[in-house]
Every structure is written in structure tokens, then in C-alpha cells.
Amino acid sequence: MTTLNERLGEVIKRKRQRDRFTQADLGSRIGTSGSYVSAIESASTSPRISELDALATVFRTTAF
């Protein structure tokens, strides 16, 4: 069974690749580094609520 962080990381990676962003591109758009985006995608860390909101804006969706 996958964890919430793993599922979230998969979704973020899929959407990032769909929009042809590098991890560094996405990081700069949400105010973090590319290595932090990598850590989110690999489920090594959890994004903060403010980062989830920023990700939703970048991907033109909602955090829900």
C-alpha cells in the first residue's frame, strides 16, 4: 500500500513532466529548490500547505 507522500510525489512528478518542467523549474515557480522538489517526488519529505497551494496554482488545479 502506498503512503500519502508516495502518491503525492507520483502525482507531482507526472504533472511536472506533463508540463515539461524540470525539477529546478518547478522549484523556482513555488519558491524552493529543485532538490526539494526531488525530495517531495521521492517521498523523502512532505510539502508544506503553502507549497501545496503554490503547486496547485502552477498546475492550474486546486490542492483538494
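Helices (H or I, at least four residues) and strands (E, at least two) are DSSP runs, numbered from the N terminus. By that naming, G34 belongs to helix α3. The model shown in these views is predicted: local features need pLDDT of at least 70 and side-chain atom pairs count only at pLDDT 80 or more, while totals for chains, interfaces and linings use all residues. Residues are numbered from 1 along each chain as its sequence is written, and side-chain values use heavy atoms, with hydrogens and water left out.

**View 1. Helix α2 against helix α4.**
Here α2 (residues 23-30) packs on α4 (residues 49-58), with an angle of about 115° and 9 Å between the axes. Axes are lines fitted to C-alpha atoms, for helices over the stretch in contact, and angles run from 0 to 180 degrees between N-to-C directions. That angle is why α2 and α4 count as roughly perpendicular (under 35 degrees is roughly parallel, over 145 roughly antiparallel, 65 to 115 roughly perpendicular and the rest oblique). The α2 side of the contact brings L26, R29 and I30, and the α4 side brings A54, L55 and V58; contact means heavy atoms within 4.5 Å. Sorted by class, the contact of α2 with α4 has five nonpolar residues, one charged and no polar. For the sorting, Ala, Val, Leu, Ile, Met, Phe, Trp, Tyr, Cys and Pro are nonpolar, Asp, Glu, Lys and Arg are charged, and the others, Gly among them, are polar.

**View 2. Helix α1 against helix α3.**
Next up are α1 (residues 4-18) and α3 (residues 34-41), which pack at about 125° with their axes 7 Å apart. This makes α1 oblique to α3. From α1 come N5, G9, E10, I12, K13 and R16, and they meet V37, I40 and E41 of α3. The class count for α1 with α3 is four charged, three nonpolar and two polar residues.

Zoom in on E41, a residue of helix α3. At a relative accessible area of 11%, E41 is buried (buried means under 20% relative accessible area, exposed over 50%, partly exposed in between, with a 1.4 Å probe and protein chains only). Skip the neighbours within four places in sequence, and the contacts of E41 are G9, E10, I12, K13, R16 and Q23.

**View 3. The largest nonpolar core.**
Which residues make up the largest nonpolar core? There are 11 of them: I12, F21, L26, I30, Y36, V37, I40, A54, L55, V58 and F59. Helices α2, α3 and α4 are the elements that give two or more residues to this core. A nonpolar core is a set of buried Ala, Val, Leu, Ile, Met, Phe, Trp, Tyr and Cys residues joined through side-chain atoms within 4.5 Å. As background, nonpolar side chains tend to be buried together in soluble globular proteins.

**View 4. What is hidden in α4.**
The buried residues of α4 are E51, A54, L55, A56 and V58. Their cover includes α1, α2 and α3.

**View 5. P47 and Y36.**
P47 sits in the loop between α3 and α4, and with a relative accessible area of 13% P47 is buried. Beyond four places in sequence, P47 touches L8, Y36, I40 and L52. Look from the other partner, and Y36 is in contact with T45, S46, P47, R48 and E51, leaving out neighbours within four places.

Buried or exposed: which is G34? Buried, with 17% relative accessibility. G34 and I49 are 15 residues apart along the chain, and 18 Å separates their C-alpha atoms.

R20, in the loop between α1 and α2, has a phi near 60°, a positive value in a residue other than glycine. R20 is exposed, at 74% relative accessibility. R60 belongs to the segment after α4, and its phi, near 55°, is again positive in a residue other than glycine. With a relative accessible area of 63%, R60 is exposed too.
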